[in-house]
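Biologist: I'd like to go through this one piece by piece. Let's have a look at it first.

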Amino acid sequence: MEQLYHETNRIIQETHQCFQELNNPKVDSIFVENTISTKIATVNANCDRLDVLVFKVPVSQRSNAKMRVDQLKYDIRHLQSALQNWQQKKQKRETEIQDREQLLNRRFTSNADTTIDLDYSLQQHNSMNNAHRGIDEMLMTGQNVLGSLHSQRDTLKGAHKRILDIGNTLGLSNHTMKLIERRIHEDKYVLLGGMAVTTVIIVGIIYYFVL
């Protein structure tokens, strides 16, 4: 498992370096974009394998191993979001260049009226595309937030287990253990509340922009 973990972490670092090359005009951005997509797919596959290998490590090390794998998943989700944002901005730039070229190449008649006949259906289509892209970005942000909350929940569970083990070892009093358990339950309610609020916000945004 250690070898696969370090290999996956190395691929993530290489992916970060590829993102720095995307803004270099001397580099083939399409090639770099495909390279990033391939590396992200490889990391996702490795994370699936690591999820299986976690249950094969000793019980005393399993919590720490699970936290390390969750951190890899968190990093790769951010890279996926960054790639999607870059692709959307690239598509927007290409659309703006095409529109500018069409406007410059437009031939005007000798008629005195040189007003450009705007295509309102095209404008509406572009507006809808922009709205959909904005919703996709918000959904991705919400997904990242939910993923982060999920990771924090797993971390709290692991911390709870370790505290119980330490308490059994050191002989903590029942009163102290009850206080710790009550704090864990309170953190759980905060987590659920945050997930609920995030879900309501996302649904509201979808309803506002789409419906």
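Biologist: Let's start with Q88. Leaving out residues up to four places away in sequence, which residues does Q88 touch?

Modeller: Touching here is a contact, meaning heavy atoms within 4.5 Å. Skip the residues up to four places away in sequence, and the ones Q88 touches are R133, D136 and E137.

Biologist: Before we go on, what kind of model is this, and what should I know about how it's handled?

Modeller: Residues are numbered from 1 along each chain as its sequence is written, and side-chain values use heavy atoms, with hydrogens and water left out. Local features need pLDDT of at least 70, side-chain atom pairs count only at pLDDT 80 or more, and totals for chains, interfaces and linings use all residues, since this is a predicted model.

Biologist: Got it. Is Q88 buried or exposed?

Modeller: Q88 lies in helix α3, and its relative accessible area is 15%. Buried means under 20% relative accessible area, exposed means over 50%, and partly exposed is in between (1.4 Å probe, protein chains only). So Q88 counts as buried.

Biologist: And how far is Q88 from N130, C-alpha to C-alpha?

Modeller: N130 sits in helix α4, which covers residues 120–170. At 42% relative accessibility, N130 is partly exposed. Q88 and N130 are 42 residues apart in sequence, yet C-alpha to C-alpha the distance in space is 9.6 Å.

Biologist: Let's zoom out. What pattern does the protein follow along the sequence?

Modeller: Helices (H or I, at least four residues) and strands (E, at least two) are DSSP runs, numbered from the N terminus. The protein has five helices and zero strands. Read along the sequence, that gives α-α-α-α-α.

Biologist: Why does the length of α3 agree with what a helix should span?

Modeller: The expected span is 1.5 Å times one less than the number of residues. Helix α3 runs over residues 59–104, which is 46 residues, so it should span 68 Å. Its end C-alpha atoms agree with that, being apart by 68 Å.

Biologist: What span does α2 reach from its first C-alpha to its last?

Modeller: Helix α2 has 26 residues, and at 1.5 Å a residue 38 Å is expected. The model comes close to that, with α2 reaching 37 Å.

Biologist: What covers the buried residues of α2?

Modeller: Buried residues of α2 include V32, I36, K39, V43 and C47. C47 has a relative accessible area of 3%. The cover over the buried residues of α2 includes α1 (2–22) and α3.

Biologist: Which C-alpha distance separates H16 and L79?

Modeller: H16 lies in helix α1 and is partly exposed, at 39% relative accessibility. L79 is one of the buried residues of α3. H16 and L79 are 63 residues apart along the chain, and their C-alpha atoms are separated by 7.8 Å.

Biologist: Now K157: how far is it from I184, C-alpha to C-alpha?

Modeller: K157 is found in helix α4, and at 52% relative accessibility K157 counts as exposed. K157 and I184 are 27 residues apart in sequence, and C-alpha to C-alpha they are apart by 8.2 Å.

Biologist: Which residue lies over the face of Y5?

Modeller: A charge sits over a ring if NZ of Lys or CZ of Arg is within 6 Å of the ring centre and within 35 degrees of the ring normal. For Y5, the charge lies at 4.0 Å from the ring centre, and the residue is R68.

Biologist: Last one: what share of the 211 residues in the protein is buried?

Modeller: Among contacts between residues at least 6 apart in sequence, 75% join residues at least 24 apart. As for buried residues, their share of the 211 is 24%.
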